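Please read them with the structure open beside you.

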Amino acid sequence: MKVENSLRQLQTDYLDALLMHWPYPDFFQEIWHEMEAVYNEGLVRSIGVCNCRQRHFEKLRQTCAILPMINQFETSPINSKPELAEYCRQNDIQVMIYSPLMNLRLQSRPQYHDLLQHLAGKYSKTKAQIVLRFDVQRGMIPIPKSTHRERLESNIGIFDFTLSEEEMRQLLACNENRQYMPESRSCPGL
Ligand SMILES: NC(=O)c1ccc[n+]([C@@H]2O[C@H](COP(=O)([O-])OP(=O)(O)OC[C@H]3O[C@@H](n4cnc5c(N)ncnc54)[C@H](OP(=O)(O)O)[C@@H]3O)[C@@H](O)[C@H]2O)c1
């Protein structure tokens, strides 16, 4: 594993997180054991996985010394994955959300978009900010990406308002297991 190369290129002596992109069927446990070693060497502050489901963690649990600290996957109000979220919560696995804004591109959901528009108006925020605030209030870490400075600023401007419990319930009620990114064929694995 070439974590040292990354450290050199980034001109730092540690990384905040090292993640496995998905549970590679043939090498899942082997890669994880390598990552545990990197963590024990102190080169990274946390180690985790992406695109893992409960069964992947149960598989790792059979041989690992450290259970993943992070699981990065796609979730949003229309794809809330309640069972996986609860599993992560119970096992102290921090949920990190990739593609947190892509759900906004699924236009054929008028009720969802109407609710976002309503909340955006109420709090003088954008629809993207409402979704990101929802994520944070679920205790999750969304990682929106943008090439525009004003959007980068807007995407972190979500800490000056709070959605009510009822509004969180309304957003959670939008769930229809609708994933934007198709899961990679090699992802289900194991
Ligand atoms: N682990 C995995 O399997 C996995 C899979 C997919 C993605 N990821 C990671 O997740 C991160 C983000 O995912 P992503 O880029 O797919 O999706 P995203 O961050 O949800 O969306 C990015 C897109 O949304 C636009 N955008 C950003 N902020 C916006 C705003 N405030 N209003 C409107 N549009 C906005 C960006 O356009 P502009 O640039 O033009 O602003 C860009 O086209 C990336 O770091 C990616 O590497 C991981």
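1. A word on burial comes before the rest: a residue is called buried if 20 or more other C-beta atoms lie within 10 Å of its own, exposed if 12 or fewer, and partly exposed in between, with C-beta atoms placed from the backbone. This is a predicted model, in which local features need pLDDT of at least 70 and side-chain atom pairs count only at pLDDT 80 or more, while totals for chains, interfaces and linings use all residues. Residues are numbered from 1 along each chain as its sequence is written.

2. The protein is divided into domain 1 (1-73) and domain 2 (101-179), bounds that come from an automatic or database domain assignment. Taken over C-alpha atoms, the centres of domain 1 and domain 2 are separated by 29 Å.

3. Helices (H or I, at least four residues) and strands (E, at least two) are DSSP runs, numbered from the N terminus, and two strands pair if DSSP finds at least two bridges between them. On that basis, five strands form an open sheet in the order 1-2-3-4-5, with parallel pairing. Strand 1 and strand 5 (141-142) are the edge strands, each pairing on one side only. Strand 1 and strand 2 run parallel and are joined by three bridges, and L19 has G48 in strand 2 as its bridge partner. Three bridges also join strand 2 to strand 3, where C50 stands opposite Q72.

4. V95 lies in strand 4 and is buried because 22 other C-beta atoms lie within 10 Å. Although V95 and N71 are 24 residues apart in sequence, their C-alpha atoms are 5.2 Å apart in space. With contact taken as C-beta atoms, placed from the backbone, within 7 Å, and leaving aside neighbours within four places in sequence, V95 is in contact with N71, A85, C88, M140 and I141.

5. A nonpolar core is here a set of buried Ala, Val, Leu, Ile, Met, Phe, Trp, Tyr and Cys residues joined through C-beta atoms within 7 Å. The largest such core has 17 residues, of which L18, L19, M20 and M35 touch the most other members. Strand 1 (18-20), helix 2 (28-40), strand 2 (47-50), helix 3 (54-61) and strand 4 (94-97) each supply at least two residues of this core. Beyond its neighbours within four places in sequence, M35 is in contact with L18, M20 and I47. A second, separate core of 11 residues includes L119, I130, V131 and C174.

6. Helix 1 (residues 3-10) is hardly covered, as the count of buried residues among its eight residues is zero. In helix 6 (residues 127-137), eight of the 11 residues are buried, so this helix is largely enclosed by the rest of the structure. The cover over the buried residues of helix 6 includes strand 4, helix 5 (110-123), strand 5, helix 7 and helix 8 (165-172).

7. Most residues other than glycine have a negative phi. D92, in the loop between helix 4 (82-90) and strand 4, has a positive phi of about 55 degrees although it is not a glycine, and D92 counts as exposed because it has 9 C-beta neighbours inside 10 Å. S124, in the loop between helix 5 and helix 6, likewise has a positive phi, near 55 degrees, and counts as exposed with 8 C-beta neighbours inside 10 Å.

How values were computed: Two residues are in contact if their C-beta atoms, placed from the backbone, lie within 7 Å.
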